[in-house]
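Here are my notes for you on this one. Have a look at the structure first, then go through the points with it open.

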Amino acid sequence: MPMVDASAPVSVRLGDVFRVQLDAIPRGAGLLPSAGLLRVRWRRRGAPADGSPGRESKGRRPMVQETVVALPPLQVAVCPLSLRVALPTSGTVGALTALTVVVDNNSDALQEVALSFSDNEAFLFAGLKHCTTRIPPGGSYSLIYNLMPISAGHVPLPPLQVVARPAYGGAAIELVDNSEPRLVFVMPQPLATSLP
C-alpha cells in the first residue's frame, strides 16, 4: 500500500482500504489511557469542496462528512537494557580486528548481565570467554574482543551470548538472537613481493 500525505486529498473507492500510521513518542512508562482521537473529513465524489449542498443533496444535508474515532489505549514499556554490538564487516587473515559489546542499563534497578563468547573454527579471539557483571542504574558496561581470522572467505563470527538476569529475581532473558549466522568477508593475506 503506497504512503500518502495525510493532508492531501485521497480518492477512496468501494473496496479500497485506507490505513493511517501514527508515530507516538512516549514520555514515560505505563498505560496511556487514550492515544487521542482520529478525525477524518470526507465527501462524496462530485460534492462541492466547501461543504455547501450540491445538486445531489437537494438542500437536505451537506456532502462533507466528519468521522471521529477514539484511538485505543497504549501500553508503553521502557526496555531496561539496551545492547550495542560493533561487528567487523571484513577482515584479513592474520590481522587483528575488534568486536565491541556495550550494554546500557536504562532502568532504575541494578541489572545482572552474563556475557559469553564461543570458539569457532574461523577465528582466534582474545578477551573474556565468560563474564558476569552487575550494571548500576543508568550505567553501562563494555567489552572489547580482539579477533584474528584464520580462514578466508565468508566466515561466521563466533557466537556471542548475552543473558540478562534480573538482580532481584525473575526470568533470565537472552538479548542476542544467534539463530542466523553473522558472516564476515575475510580476505587472504597479501602476497609478499620481493624486489631484487
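1. Start with confidence: pLDDT is the predictor's confidence in each residue, on a scale from 0 to 100. This is a predicted model, so local features need a pLDDT of at least 70 and side-chain atom pairs count only at 80 or more, while totals for chains, interfaces and linings use all residues. Residues are numbered from 1 along each chain as its sequence is written, and side-chain values use heavy atoms, with hydrogens and water left out.

2. The chain averages a pLDDT of 78, and 77% of the residues score at least 70. Strands here are DSSP runs of E, at least two residues long, numbered from the N terminus. Confidence is lowest in strand E1 (residues 30-32), with a mean of 72, and highest in strand E10 (residues 130-135), at 92.

3. Now find the open sheet: four strands in the order E5-E7-E11-E9, with antiparallel pairing. Two strands count as paired if DSSP finds at least two bridges between them. Strand E5 (81-86) and strand E9 (123-126) sit at the edges, each pairing on one side only. From one strand to the next the twist averages 20°, using axes that are lines fitted to C-alpha atoms and angles that run from 0 to 180 degrees between N-to-C directions.

4. How many bridges join E7 and E11? Strand E7 (residues 97-105) and strand E11 (residues 140-149) are held in antiparallel pairing by eight bridges. One to look up is Ala-98, whose bridge partner in E11 is Asn-146. E9 and E11 also run antiparallel, joined by four bridges, and there Phe-123 stands opposite Pro-149 of E11.

5. Next, salt bridges (a side-chain nitrogen of Lys or Arg within 4 Å of a carboxyl oxygen of Asp or Glu). The count comes to five. One of them pairs Arg-39 with Glu-66, with the closest N and O atoms 3.1 Å apart. That pair links distant parts of the chain, 27 residues apart: Arg-39 is in strand E2 (residues 37-43) and Glu-66 in strand E3 (residues 64-70).
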